[in-house]
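Trainee: I have a new model open. Can we go through it together, one question at a time?

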Amino acid sequence: MKDMFQAIWNYRHFIFSSIRNDLRSRFARSKLGALWMILQPLAQVAIYSLVLSRIMAAKLPGIDSPYAYSIYLLAGMQAWSLFNEIVTRSLTVFVENGSMLKKIVFPRVCLPIITVGSALVNNVFLFGVMIVVFALLGHFPAAALLWMPLLMFTTAAFSLGLGLLLGVLNVFIRDVAQFMMVVMQLWFWLTPVVYMASIVPVRLHALMQLNPMYWIVSGYQETLVYGRNPDFAGLASVTVVAIVLLALSLLLFRKAAPDMVDVL
Amino acid sequence: MSGVVLQVENVGKSFREYGSEWRRFGSWFGKHSSKIKEHWVLRNISFVVREGEAVGIVGQNGAGKSTLLKIITGTLGATEGNVRARGRIAAILELGMGFNQDLTGRQNVEHSAGLMGFSRSEIQRLVPEIEAFAEVGEYFDEPMRTYSSGMQMRVAFSLATASRPDVLIVDEALSVGDAYFIHKCFKRIREFREQGTTLLIVSHDKSAVQSLCDRAVMIDKGRLVADGTPQQVLDLYNALIAEKENSTVRQSQVAEGAATVSGTGEAVVDKIWLEDGNGKPIEYVGVGDQAQLVIRITAKSDLHKLVVGYMIRDRLGQAIFGTNTFYTEQVIESVTCGDSYELRASFAMNLGVGTYSVSVALSSTESHLVDNYEWRDLALIFTVANTQRAPFVGMAWMPPKVTLCAIHSEDIRGMG
């Protein structure tokens, strides 16, 4: 374990430059470059707002803004896009870097760290844009800013734990990534991002609360939309789940590492 | 000179077939299954390399050389045995790995140097040296996708050898690129060696092994079959190739990605191969044996004139022999789109032992600079091996008739 952290520390410059290059290469070819990372979720929010605002706005008590639903959507998307990016990229991170793993000796654990790092950078950009949009809509969730680091950290830890676990398995069974693409779509609709938890029948609430993303997304919504504190008990249990997943994925990663290059 | 730098002890590598991936997952957690099939690609490999030594590793394709190298560099784990190495190992087989085509040469170099484990201050010190050695000029600050493959190789080699390693692994990668730079590479490799770097050279190129190495090992079917002087080991290797040549017929293959093609594409080379005197496709040609170079061409548009030329080059890219159908007065006139032609050039392979490449030019005149339909470098690669003739050195086969007799003093007197 200590060796791993030492290796990460020694390769910190490589990790930083990988994250920077990741952004750079996105800018290199397309005119809007990394802006697409932000425009995509924003466009999605705009579409949902357009389609669903009439139906949903009435279900949002507690905020006086004609744009309440858009604000609600943005808050949820902020959480979901981070989760989605880390999970989908971790899934394929070893397969995509297969030729590098086969030919160059370097701490393999750098790869998921780079993935999380660059997803976090993107997410911070998105957050900045969201704050600007909020301001334009006349919404200033100042207190929420204090909660963001904690929320983002929890989200990243949970996403990495899950993504790394599945990413290692995906090296051996490539169907894992394909299957997860479908699961992620379903998962999105099982999480109250587009709709409110309150419209779900009460008898299903216990079931809904088994979803770690429910606690994360509602944490974002509580702080960013309503200016309230997030549910600590819920977030704490997500953190425990994240730690268990991370420990499991590290164990699996260590066991699988010698076999990994053989099948890449 | 006597310190052991690299110790390979009873190394074996098997790729396991688990039948089901679940069985593989089970094996990580100590659950053994009898259904696992083991496929050994290397077994019982042991040798020791001392400081400053240069060891050649020879063997046919698929013998297990690259697996062994991966185990030595550490990207692949050994199934049994172990490798102990002292100091930093650099491998030129990493050439160009991880280069991002959208980033500039400089950015790629900085990034990849980090990947090789250099600290930021070391990188800052090394980058100007790398830039100077690569000699790609202003391209160094242009995106990599604008580079030719030769330029990428220049940057990659300069990076791989930026700092003198304790062990340098040189492989086939060095056979691509322009002659000038290859000479520069070998100069640097020799300098490293004088300063104490240990070399491991993997090559089919016998003259490189012979001129650089003071020892060679040969791997065949995953086993170490010879360890001795380069001459001894190469003789054995030659015998092995000859055996293979007699027993199997293989369509000649060109190393993928190595060929460079330019031109308008109005006429293209469909296929090129080498045949022996009996019309059998071959990859290896014996010194002095009859050979036939066959080139198939198709016109992709109507052409006023079509001239076919070929050039045989040595491994350094130097022209050995070239001619074209303008010189042989066989210019094809008024070609219709879709027409195909086959050129057969028969000649005796009067060349020395080594690997050679064939470049093909399709144009309208004797110079490819006027209408260059297609210019294809490294269109074909073949090996000339000495299996039948008495040993000789050099680039050309000039079989002499040698007479030798003793001269007696009486004869001389008698002549006077």
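Trainee: Over which residues of chain B does pLDDT stay under 50?

Mentor: This is a predicted model, and confidence comes with each residue. Where pLDDT is low, the predicted coordinates should not be read in detail. The model still has 19 contacts beyond four places in sequence for the stretch in question. In chain B, that stretch is residues 246-258.

Trainee: What is the mean pLDDT of chain B?

Mentor: Look at the share of residues too: 87% of those in chain B reach 70 or more. For the complex, the predictor gives a pTM of 0.67 and an ipTM of 0.72. The mean pLDDT of chain B is 81.

Trainee: How many helices and strands does chain A have?

Mentor: Read along its sequence. The pattern of chain A is α-α-α-α-α-α-α-α-α-α-α. The count for chain A is 11 helices and 0 strands.

Trainee: And what does chain B contain, in helices and strands?

Mentor: Chain B has 416 residues, and 35% of them count as buried. Among its contacts with a separation of 6 or more, 73% join residues 24 or more positions apart. Its secondary structure comes to 9 helices and 19 strands.

Trainee: Is A:Asn84 buried, partly exposed or exposed?

Mentor: Find A:Asn84 in helix α4 of chain A, residues 68-96. Buried needs 20 or more neighbours, and exposed needs 12 or fewer. A:Asn84 has 19 other C-beta atoms within 10 Å, so it is partly exposed.

Trainee: How far apart are the C-alpha atoms of A:Asn84 and A:Gln185?

Mentor: Along the chain, A:Asn84 and A:Gln185 are 101 residues apart.

Trainee: Which helix gives the most to the side of chain A that touches chain B?

Mentor: Begin with the contact itself: 25 residues of chain A meet 26 residues of chain B. On the chain A side, α2 (12-29), α5 (98-103) and α11 (232-263) each supply at least two residues. By class, that side divides into 12 nonpolar, 6 polar and 7 charged residues. With 8 residues, the helix that gives the most is α2(A).

Trainee: Why is α3(B) described as largely enclosed?

Mentor: Check its residues one by one. The buried ones include B:Gln107, B:Val109, B:His111 and B:Leu115. Just after the helix, B:Gly117 takes a positive phi of about 95°. α3(B) is largely enclosed by the rest of the structure because its buried residues number 10 of the 11.

Trainee: Is α3(B) parallel, antiparallel, perpendicular or oblique to α4(B)?

Mentor: Two packed helices are described by the angle between their axes and the distance between the axes. For α3 (residues 105-115) and α4 (residues 120-134) of chain B, the angle is about 135° and the axes are 10 Å apart. That makes α3(B), relative to α4(B), oblique.

Trainee: Which residues of α4(B) make the contact with α3(B)?

Mentor: The crossing of these two helices is right-handed. The contact has 6 nonpolar, 1 polar and 2 charged residues. From α3(B) come B:Arg106, B:Val109, B:Glu110, B:Ala113 and B:Gly114. From α4(B) come B:Ile123, B:Leu126, B:Val127 and B:Ile130.

Notes:
Residues numbered from 1 in each chain as written. Chains lettered and ligands numbered in written order. Predicted model: local features only at pLDDT ≥ 70, side-chain atom pairs only at ≥ 80, totals over all residues. Contact = placed C-beta atoms within 7 Å. Helix = DSSP H or I, 4+ residues; strand = E, 2+ residues; numbered from the N terminus. Nonpolar A, V, L, I, M, F, W, Y, C, P; charged D, E, K, R; others polar. pLDDT = per-residue confidence, 0-100. Axes fitted to C-alpha atoms, helices over the stretch in contact; angles between N-to-C directions. Parallel < 35°, antiparallel > 145°, perpendicular 65-115°, else oblique. Left-handed = near helix turned anticlockwise from the far one by under 90°.
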